[in-house]
Amino acid sequence: MHRKQWRIISAGVIGNIIEYYDFALIGFLAVMMGELFFPSSNPTLSLIGSFSAFAAGMIMRPIGAIFFGHIGDKIGRKYALIGSLILMALPTFLIGFLPTYAQIGILAPILLVLLRMIQGFSVGGEYASSIVYLVEEAPHGNGNLYGSFVSLGAKIGMALGAGLCGFLLAYLGEDAMREWGWRVPFWLSLLIALTGIYLRKGLSDNYHPKAEKKIPIVEILKHHRKEFYDFLIIASAIWLLYYTLFVYLPIWLQHYAHLSKLQSSSINTYSIIMGVIFIPLMAMVADKIGSLKLMSYASLALTILIYPIFYIMNSGVYWLIILGVAMMVLLICSFQAPIFASTVRAIKEHGYRASFTAVILGSAAGIVGGLTPAIMTSLQEITKDPFAPAYLIATASLISFFVIKRKLSLEINKN
């Protein structure tokens with residue numbers, strides 16, 4: 001690759017590194033932060049409180065998606081990228097300074113939720129803006145590969161966050177980590193943010209907005225409603241599995257597979273590293289065989305295999321857990337890698353693409369993905385069934401499979 005291409009890729013993915021670095025912290029520290037900010041005699045209620053703060057930020061994503069998607073379409077991709085990055089980095093850094101419930105009472109969880117909401121608002125724009133920028137700047141025939149770099153950046157961010165938390169936990173011990181060590185990873189996010197601002201400052205942008213008064217999101221809902229809902233269904237299934245695997249599963253492994261916190265966090269880090277390897281590989285496969293075709297294979301395989309995967313992980317046998325997690329990573333990468341370029345290219349009008357992509361992926365990741373850890377935790381508490389997550393994932397995957405098959409049939413008929 002040329003130096004310019006590396007600059008484009010680096011600038012595109014840096015925001016997602018910050019975004020998912022923060023998500024990894026929330027997932028890894030969920031139990032600890034639940035105790036610090038949502039204390040309760042029932043540990044499950046504290047955990048649900050922690051995941052609800054996570055969900056509050058994620059629910060803001062569609063609102064931020066509309067705002068920054070509009071900026072990306074009407075003013076330029078570069079402006080959306082820089083603005084969302086700055087607004088996203090500051091709350092992550094400030095979480096590290098928050099006083100706990102024991103220090104200021106009810107104000108502590110309120111401040112945490114407010115900062116998470118600001119984060120979520122900015123992330124809604126960051127994620128889609130970087131996807132649209134990378135796909136539109138990609139060389140011919142590499143749209144899926146370039147689009148997947150966003151997810152690659154996300155997994156690098158998760159690996160950094162989970163790896164750092166695991167190191168601090170092992171080095172400091174649980175008591176010191178609970179007392180002050182949990183703050184350190186949030187403070188260090190500032191270094192990644194400053195790198196991102198430097199990379200994006202001199203960014204080139206080949207997109208030139210048209211001087212028209214039409215509001216992109218309104219036009220999308222008028223003229224591209226079918227494409228909008230189809231891709232929203234597909235993306236929702238993807239992010240349901242994504243946040244189950246990378247945020248909720250470590251808690252599930254501790255509860256049902258009886259792993260220690262250190263063991264489950266090690267497996268989580270391993271799964272993220274696997275994702276870094278598989279996401280570009282599956283994107284290249286999608287560039288060769290077609291995005292919809294690969295997604296149809298992945299959604300059908302998930303429908304069939306997700307229950308057996310949870311079954312073998314529930315055994316508590318370490319190597320079987322590793323095998324189950326590896327299968328989940330391969331399937332989610334196969335399903336997710338093609339969604340980015342597919343969503344950007346779902347409509348021909350360049351002036352609507354940022355809004356279209358932002359609202360779909362912002363809603364899927366924000367509302368569905370953001371609520372997933374809290375829903376899964378509540379579901380387990382109500383049903384006491386270790387396989388409840390598998391039933392939900394299988395249902396969502398099957399629905400998305402039928403949507404993809406219908407779109408494939410339409411594509412074949414057109415050709």
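Select Arg178 first: its relative accessible area is 25%, so it counts as partly exposed (buried means under 20% relative accessible area, exposed over 50%, partly exposed in between, with a 1.4 Å probe and protein chains only). This is a predicted model, in which local features need pLDDT of at least 70 and side-chain atom pairs count only at pLDDT 80 or more, while totals for chains, interfaces and linings use all residues. Residues are numbered from 1 along each chain as its sequence is written, and side-chain values use heavy atoms, leaving out hydrogens and water.

Glu174 and Arg178 form a salt bridge, with 3.3 Å between the closest N and O atoms (a salt bridge is a side-chain nitrogen of Lys or Arg within 4 Å of a carboxyl oxygen of Asp or Glu). Both residues sit in helix H9 (residues 174-181), four residues apart, about one turn of the helix. Helices (H or I, at least four residues) and strands (E, at least two) are DSSP runs, numbered from the N terminus. Now include Glu35: a network of salt bridges links Glu35, Glu174 and Arg178.

Next, select Lys407 and Asp230, whose side chains meet in a salt bridge at 3.4 Å, N to O. This pair links distant parts of the chain, 177 residues apart: Lys407 is in helix H18 (residues 388-414) and Asp230 in helix H12 (residues 225-256). Are these two residues buried or exposed? Both Lys407 and Asp230 are buried.

Finally, go to Glu381 and Lys384, a salt bridge with closest N and O atoms 3.7 Å apart. Glu381 is partly exposed at 33%, whereas Lys384 is exposed at 55%. The whole structure holds six salt bridges.
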